[in-house]
Number of protein chains: 2
Amino acid sequence: MQLDPNHLLMLAAVVDEGGLTSGAHALGKSQPSLSRTLAALEARLGQPLFEKGRRPLVPTELGAALAAQGRIIWQASGEASVQADLYIGGKTGAVRVAGTPVFMDAVIATMIAGFQQAHPNVRIDQSYGYAETLMRDVESGALDLAICPLPPGDLPEPIAFEEILQGRNVIACRMGHPLARKRALRLEDIANYPWIAPPTNSPLYQDLRAILHEIEVDDVKVSFSGGSISAVRTVLEGSDSLTILPYSVIFMMRQQKALTALDIRIKHVPRNLGIISPTDRPVRPAVRRFHRYIASEFKALARSISHAQQNSVWRA
Amino acid sequence: MQLDPNHLLMLAAVVDEGGLTSGAHALGKSQPSLSRTLAALEARLGQPLFEKGRRPLVPTELGAALAAQGRIIWQASGEASVQADLYIGGKTGAVRVAGTPVFMDAVIATMIAGFQQAHPNVRIDQSYGYAETLMRDVESGALDLAICPLPPGDLPEPIAFEEILQGRNVIACRMGHPLARKRALRLEDIANYPWIAPPTNSPLYQDLRAILHEIEVDDVKVSFSGGSISAVRTVLEGSDSLTILPYSVIFMMRQQKALTALDIRIKHVPRNLGIISPTDRPVRPAVRRFHRYIASEFKALARSISHAQQNSVWRA
DNA sequence: ACGCAATATAACTCAATGCTATGCAATTGG
DNA sequence: CCAATTGCATAGCATTGAGTTATATTGCGT
C-alpha cells in the first residue's frame, strides 16, 4: 500500500492538534480539504483512521501508527525548510577561499575570525596560492573566491576582479631597528643590513627585485628566505634584518608594536589587491555573504590606513 | 520556505539513485516528471540542487542537505506502508477478547498460544466475564470478541452469535476415582461424594443446580467452591470430589490423564458455546483473523471430540 | 430537547503532476 | 578527435487531486 507523505503529514497534524479544524489551521489549509483527504485515505486503506461517531476525534490503532510516521515527515519537512532558509540566507554552507600566503595569514585570517564569530555554521575552507593558480582554480570551480594582487586591467574570460586595496609595499624591520627612526634614508644605509627574501615564486619576490633594482642596490645579503609571514616576523623581530612587505600587513600588526616600516618611498607596485570571483555561475549565498564581508572589511581597513597616514599616529 | 515532502522525496531518490532516469524508475514515475519537478524546486529556492553541466548528477550542498531530509521522509513513508499492510493483513493490532473463566483458561488459552505463535505482533488483551457483562461490553465497543455459552435464539440488537460448540456438561472426577470405571451409575453413588461448586454467578453453577435437581439429588456436600479451573483441577486430582464441567474442558485435558468424566448421561444444557461479535461496526483485521482462528480451532476441536466419542479411545 | 460547535458533503476551479515525443548536451569508445 | 550513445531538459496535452466556499449533518453539553 503506497502512501502519500502529504497524507501522513495531514493525519499527524489532525491527531496532534486534536481535530480537523485546528489541524487544518496548523497546516494553513481549510477544514473540508483535510476531511476529504483523510476520508479518501480511509477508503484506500479500507480501515478507519478515527473512531467513528466520537467527537473529540480519537485515532484508531492504525491512525495512531500512521500518524507517528506522519509526525516524522512533518519534522523532516520542517527541518528541510530551516536548512533551506539558512542556506539561502548564507548562514550555512562552505566557502572555498584562497590567496597569497602573506595576505591570508596577516590580513584575511583576522577577517575570517570575525566572520566566523557572526556565522559559526559557515565553513571556511582556506588554502594558499598565487595569481595564476588562483585564477585557474576559480575558473574551474575549485575555488569560490581568491584574494591576491593583480596588475590592473588583466581580466581573463569569466572572472571578476574587485580591487579592494591599493598595492603598496614597504621595507619592514623591527620596531627598534637602527634605521627605524631615521628620516631621509640613503641607499647605503639599507645595503648594509641582511635581507629576508620572500619565496621566489611570490609576487613579493618580484617586487623585492624590482625595488632593489630601482634603488640601485644590486647585491644584498639574504639571511633568510622562504618562510611564512609568521617565521619572517619572528626573524625580523629578533634581528636587524629587512624585508619587503605590503604596507597593509605592517598596518595590521601595528597593535603589537613589533614591526614598522622604513621611511623610504618605494614606487607603488603595479598591482592592486583584489577579490577574484567567477562570473559564469551562480554564487552560493554563503560565498556572497563572505565576499561582501571581506570587501567591507577591506573598505574599513583602507579608511583606517588613510586616516592613520594623515595623522602618522601609528609611527609615533 | 515551505517545502513539499514529495519534492524532497523525489530529490532523495534522484540523489541516491545517481540520476533522474534511475531515480524516476525507483519511484515508478517518468523521467520528465522528476526533471520538471526538481527544476521547479530549484526555481522556488533560487538555488541549484545539482551542479550544472556535470553528467553524473552531483548534488550541491543544498541538494545534499535537502536530500537527507527527503531520505527520512522516504523511510517514514515506507515504514507507514509496511505498518498499513501489516495492520490490514491482521498481522498487527490488538484484540480484546473475554469469556467465561473456565473456557478461557482451559480451552481458549491453548488456542491463544497457537495464535501468538503465528502472529507474535498481535496483542491479545484477555479478560473474564459472564454472558450479560460480555454482551454489554461487546455492544459498547469495550470488547472485540467474547466467548461464552448462550441459550439459542437469544440475540439482542447489533450482536452476532456464532455457535462453535455444543453445550454439554459432564460430571468430572479424578482419573482413578472409585466411580470412574463404573458403568450404569446410580444416583446414590454420586450423592456420597463431596462436590466442588463453581462460582455462584457462573452458568456452570446454574447447570449444576439444574442437573442435581434433574437427578433428584437435593442435598450435596459442597467441599470447595469459587475456585478457578486451575484450583478446581488441583482439588479434583487430590480428592474424590466431583464437579460439573463442560465436556470440552475435560477433553482438552485428556493428554494429562488427570481428569475424566463419569459415565452418566446428563441432559444437554440449553446453551451452546459461541463467539459474540458486534455487527454494527467494522471489524479490525487482527480481530477478524483471531475470530477465524478461534472458530477454526473449535471446528477442529468439535471434530476431534466427535471422533473420540465414536471410538471412546481416550477413555480406555 | 435544543443549540452550539465541529465534521461531512457538494459543486466547482485550477494548479500540479502525469504522460509521450523530441531536442540537446555530455560522456564514451573507436 | 569525431561519432555514437546515453541521459537530461523542454514542449504540449490530459487528468487527477487538492484547494476553495457554501451548506447539510452530527455529536455533545446544558
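I started just past helix α1 of chain A, where A:Gly18 takes a positive phi of about 80°. The model is predicted, and I kept that in mind throughout.

**Entry 1: α1 of chain A.** I then walked back along the helix. α1(A) covers residues 5–17, which makes 13 residues. From first C-alpha to last I got 18 Å, close to the 18 Å expected at 1.5 Å a residue. At the N-terminal end I found a cap, A:Asp4. One of its side-chain oxygens lies 2.8 Å from the backbone nitrogen of A:Asn6.

Which residues of α1(A) are buried? I listed A:Pro5, then A:Leu8, A:Leu9, A:Met10, A:Leu11, A:Ala12, A:Ala13 and A:Val14. I next looked up what covers them. From chain A, the cover includes α2 (20–27), α3 (31–45) and α4 (61–88).

**Entry 2: α1 against α3 in chain B.** I turned to chain B and took α1 (residues 5–17) with α3 (residues 31–45). They pack at an angle of about 115°, and I noted 10 Å between their axes. The crossing of α1(B) and α3(B) is left-handed. Which residues meet there? On the α1(B) side I have B:His7, B:Met10, B:Leu11 and B:Val14. On the α3(B) side I have B:Leu34, B:Thr37, B:Leu38 and B:Leu41. I sorted the residues of this contact into six nonpolar, two polar and no charged. I also recalled the helix rule: an α-helix has 3.6 residues a turn, so residues three or four places apart point the same way.

**Entry 3: B:Gln69.** I picked this residue in helix α4 of chain B. Is B:Gln69 buried or exposed? I read a relative accessible area of 11%, so B:Gln69 counts as buried, the cut-off being under 20%. Leaving out residues up to four places away in sequence, I found that B:Gln69 touches A:Ala76, A:Glu79 and A:Ala80.

**Entry 4: B:Trp195.** My last stop was strand β6 (residues 195–197) of chain B, where B:Trp195 lies. B:Trp195 is buried, because its relative accessible area is 1%. What does B:Trp195 touch, not counting residues up to four places away in sequence? I noted contacts that include B:Ile171, B:Ile190, B:Leu208, B:Leu212 and B:Val220. Also among them are B:Lys221, B:Ser223, B:Phe224 and B:Thr243. I checked one separation too: B:Trp195 and B:Val232 are 37 residues apart in sequence. In space I got 10 Å for that pair, C-alpha to C-alpha.

Note on methods:
Residues are numbered from 1 along each chain as its sequence is written. Chains are lettered from A and ligands numbered from 1 in the order in which they are written. This is a predicted model: local features need pLDDT of at least 70, side-chain atom pairs count only at pLDDT 80 or more; totals for chains, interfaces and linings use all residues. Side-chain values use heavy atoms; hydrogens and water are left out. Axes are lines fitted to C-alpha atoms, for helices over the stretch in contact, and angles run from 0 to 180 degrees between N-to-C directions. Helices (H or I, at least four residues) and strands (E, at least two) are DSSP runs, numbered from the N terminus. A crossing is left-handed if the near helix is turned anticlockwise from the far one by less than a right angle, and right-handed if clockwise. Contact means heavy atoms within 4.5 Å. Ala, Val, Leu, Ile, Met, Phe, Trp, Tyr, Cys and Pro count as nonpolar, Asp, Glu, Lys and Arg as charged, and the others, Gly among them, as polar. The expected span of a helix is 1.5 Å times one less than its number of residues. Buried means under 20% relative accessible area, exposed over 50%, partly exposed in between (1.4 Å probe, protein chains only). A polar contact is a pair of N or O atoms within 3.5 Å; within protein, one must be able to donate a hydrogen and the other to accept it, and residues adjacent in sequence count only if both atoms are side-chain atoms.
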